[in-house]
Structures are given as structure tokens and as C-alpha cells.
Amino acid sequence: GDLLHAFGFDDFHRVAARICAELGVAPGQGGAGYRTLSNAGVDAVQEVPHYHMHILAGRPLGRMLQPPR
């Protein structure tokens, strides 16, 4: 919504997609895909107190969330 756009979250994802295309990991750009990840708050173990994004790529990543045991 408007709040997300105001903080530029869509811009982060657009730039991440461009970076992944340049690195050759974006689907349709010669790569097999990538995952973006960000952490918010204590329960998510956020270590840097500002919005940032991690890009994971270059190998099969598996399921993001494993089923409960």
C-alpha cells in the first residue's frame, strides 16, 4: 500500500532484481533464481536496526520454512 511505497520497499525489490539479473542468477536471465530476506525485530534476530535486504543465490536453497517436527 501507500505506507510500503513511502518507505521504498518496492524500490529495494526492484534494485535486488536488477542486481540479480546483472549477476546472472535471475530466472530468465540465465540463472535459476534467488531469494530475498529481511529481518525485523528481536524475534527475527534483527542485528542491524535499519531496513536492509539479503540476497541469497548461486545454489539450490531448499524450502524456506521446514515443517514442524
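How many residues does α2 have, and how far does α2 reach from its first C-alpha to its last? Helix α2 has 15 residues and reaches 21 Å between those two atoms, close to the 21 Å expected at 1.5 Å a residue. The expected span is 1.5 Å times one less than the number of residues in the helix. Helices here are DSSP runs of H or I with at least four residues, strands are runs of E with at least two, and both are numbered from the N terminus.

The model is predicted: local features need pLDDT of at least 70, side-chain atom pairs count only at pLDDT 80 or more, and totals for chains, interfaces and linings use all residues. Residues are numbered from 1 along each chain as its sequence is written, and side-chain values use heavy atoms, with hydrogens and water left out.

Side chains of opposite charge can pair when their charged atoms come close. A salt bridge is counted when a side-chain nitrogen of Lys or Arg is within 4 Å of a carboxyl oxygen of Asp or Glu. By this rule there are two salt bridges, and they are set out below.

| Salt bridge | N to O distance |
|---|---|
| Arg14 and Asp10 | 3.5 Å |
| Asp11 and Arg14 | 2.7 Å |

Arg14 and Asp10 both belong to helix α2 (residues 9-23) and are four residues apart, about one turn of the helix. Asp11 and Arg14 also lie in α2, three residues apart, again about one turn.

For exposure, buried means under 20% relative accessible area, exposed over 50%, and partly exposed in between (1.4 Å probe, protein chains only). Arg14 is partly exposed at 47%, Asp10 is partly exposed at 28%, and Asp11 is partly exposed at 37%.

Val15, Ile19, Leu23 and Ile55 form a nonpolar patch on the surface, with about 330 Å² of accessible area together. Such a patch takes residues with over 30% relative accessible area and no salt bridge, joining nonpolar side chains (Val, Leu, Ile, Met, Phe, Trp, Tyr) within 5 Å. The areas come from the Shrake-Rupley method with a 1.4 Å probe, and for residues only the protein chains shown count as cover.

The largest share of the patch, three residues, comes from α2. Ile55 is found in strand β2 (residues 54-57) and is partly exposed, at 34% relative accessibility. After α2 comes Gly24, whose phi is positive, near 80°.

Note on methods:
Patches are made of residues with over 30% relative accessible area and no salt bridge: like charges are joined within 9 Å, nonpolar side chains (Val, Leu, Ile, Met, Phe, Trp, Tyr) within 5 Å.
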